[in-house]
Amino acid sequence: MAILSSGLVNDKNSYTRLMMHELEQQQDIDYLLLGASRIYRGLDPEILDDILNACTFNAGSSSQRPEDSYFLLKEILKSHNVKTVVYDVNYMTFQKYGGDSTIRTHILLDYMSFGGNKLQYAKDVLGEAEYGITTISNLVRYKGFWKNTKWVMDNIKMRWVDSSYKNYDYVIHDSKSEWYAGKGFVNSKEIYESGNYAQVPWNLDDLYPKQLEYLQKMILLCKENNCNLLFISMPTYPSYIKREPNYMKIYELFCLLSEENGIEYMDLYPLIEKIGLKKEDYEDEMHLNGNGAKKVSIYIGNYLMES
């Protein structure tokens, strides 16, 4: 089942596959970065390491929601000592919206070692129907590829023969506009010109109660493991915030949550000018490119050094 299942997906260029592999090789971690794509494209561990003389690892993944962060953190703490967790509070990950794909959970589950945490993750987040399917094989999840014999055989061959796959090399498809730069960080050369990033309108009534519960679980997990916890919100491009009329209500909610739990919260959006971010430092309205990530990493590194 495992061999057949492996033939149903081509993950040669998966950033999460590379990140989870490197995470397994990592020793103790001084600063662990968690959150969605804003953080794995926005904070460079190597820059933080140089400033802090520490070991930093970026465990961000696409669309990572609080329940994903919680189970990923549990997995990491099983085999690593972590001193500080830096969590990117992104209001979109707390909001209910259509088209929320379970791929955000699968891309982490697929590379977790088999065990109780993985089973609980699948059961609690994906539900009973996908419980066994997700943790044992992808045979049902990718049943649309069953009849594509060439696709299956090519993928099995890739896993057994392709040295770049076996050595966890990232292969660029197109213009080398972005690449996996190590320790979970993805570097981009793209420069934002125009266009609106998909936005999820804020509505307090549409908050997933489950997301807030998992945030509390993550806070408790950090306390149980003597981990410091810092909440940040990565800086989006100003036009994105201007299209969100309830920005101050969002900010106040997360300030309140942080205060109630004794956690420092730093929203980087008001600090854009202080950090020195320009339009050319963004890949799009939501994400920084490599230049922007360098500026924010230096700022955060110096802040952590002084705190």
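Two strands count as paired if DSSP finds at least two bridges between them. With that in hand, welcome to this structure, which is a predicted model.

Five of them form an open sheet in the order 2-1-3-6-7, and their pairing is parallel. Strand 2 (56–58) and strand 7 (264–267) lie at the edges with a single partner strand each, so one side of each has no neighbour in the sheet. On average, neighbouring strands here are turned by 20° against each other, direction ignored.

One pairing is worth a look in the viewer. Strand 6 (residues 228–233) runs parallel to strand 7, and four bridges link the two. Find Leu230 and you can trace one of these links: its bridge partner in strand 7 is Glu264.

Helix 4 packs on it, touching strand 1 (29–34) and strand 2, and the direction of helix 4 makes about 160° with that of strand 2.

**A hairpin**

Elsewhere, strand 4 (residues 178–182) and strand 5 (residues 185–188) pair in the antiparallel sense, again over four bridges. Gly182 has Phe185 in strand 5 as its bridge partner. The two strands make a hairpin with two residues between them. In the turn sits Lys183, whose phi is positive, at about 55°.

**Two helices side by side**

Helix 4 (residues 45–52) packs against helix 15 (residues 290–306) at an angle of about 30°, and their axes are 9 Å apart. Their crossing is right-handed. From helix 4, the residues in contact are Ile47, Leu48, Ile51 and Leu52. They meet a set of residues in helix 15 that includes Lys294, Ser297, Ile298, Ile300 and Met305. By class, the residues of this contact are eight nonpolar, three polar and one charged.

Now for the gaps between the atoms. The structure has one cavity of 30 Å³ or more. The largest cavity holds about 190 Å³ of space. It is lined by 17 residues, and the closest to its centre are Arg38, Tyr91, Ser233, Ile241 and Tyr247. Helix 12 (238–242), helix 13 (247–260) and strand 7 each supply at least two residues of this lining. Helix 13 gives the most, with four residues.

The second largest pocket is lined by residues that include Met20, Leu23 and Glu24, together with Tyr111, Met112 and Ser113. Helix 2 (15–25) and helix 5 (66–79) each provide at least two residues of the pocket lining. The largest share, five residues, comes from helix 5.

Here are the two spaces in brief.

| Space | Volume | Lining by class |
|---|---|---|
| Largest cavity | about 190 Å³ | eleven nonpolar, three polar and three charged residues |
| Second largest pocket | about 170 Å³ | six nonpolar, three polar and three charged residues |

**Where the parts come together**

Some elements turn up more than once on this tour. Strand 7 stands at an edge of the sheet and also supplies at least two residues to the lining of the largest cavity. Helix 4 touches strand 1 and strand 2, and it also packs with helix 15.

Definitions and conventions: Residues numbered from 1 in each chain as written. Predicted model: local features only at pLDDT ≥ 70, side-chain atom pairs only at ≥ 80, totals over all residues. Heavy atoms only, no water. Axes fitted to C-alpha atoms, helices over the stretch in contact; angles between N-to-C directions. Left-handed = near helix turned anticlockwise from the far one by under 90°. Contact = heavy atoms within 4.5 Å. Nonpolar A, V, L, I, M, F, W, Y, C, P; charged D, E, K, R; others polar. 1 Å grid on protein atoms, 1.4 Å probe; cavity = no way out; pocket = protein on both sides within 12 Å on 5 of 7 lines; lining within 4 Å. Points joined across faces, edges and corners; volume = space filled by probe spheres on them.
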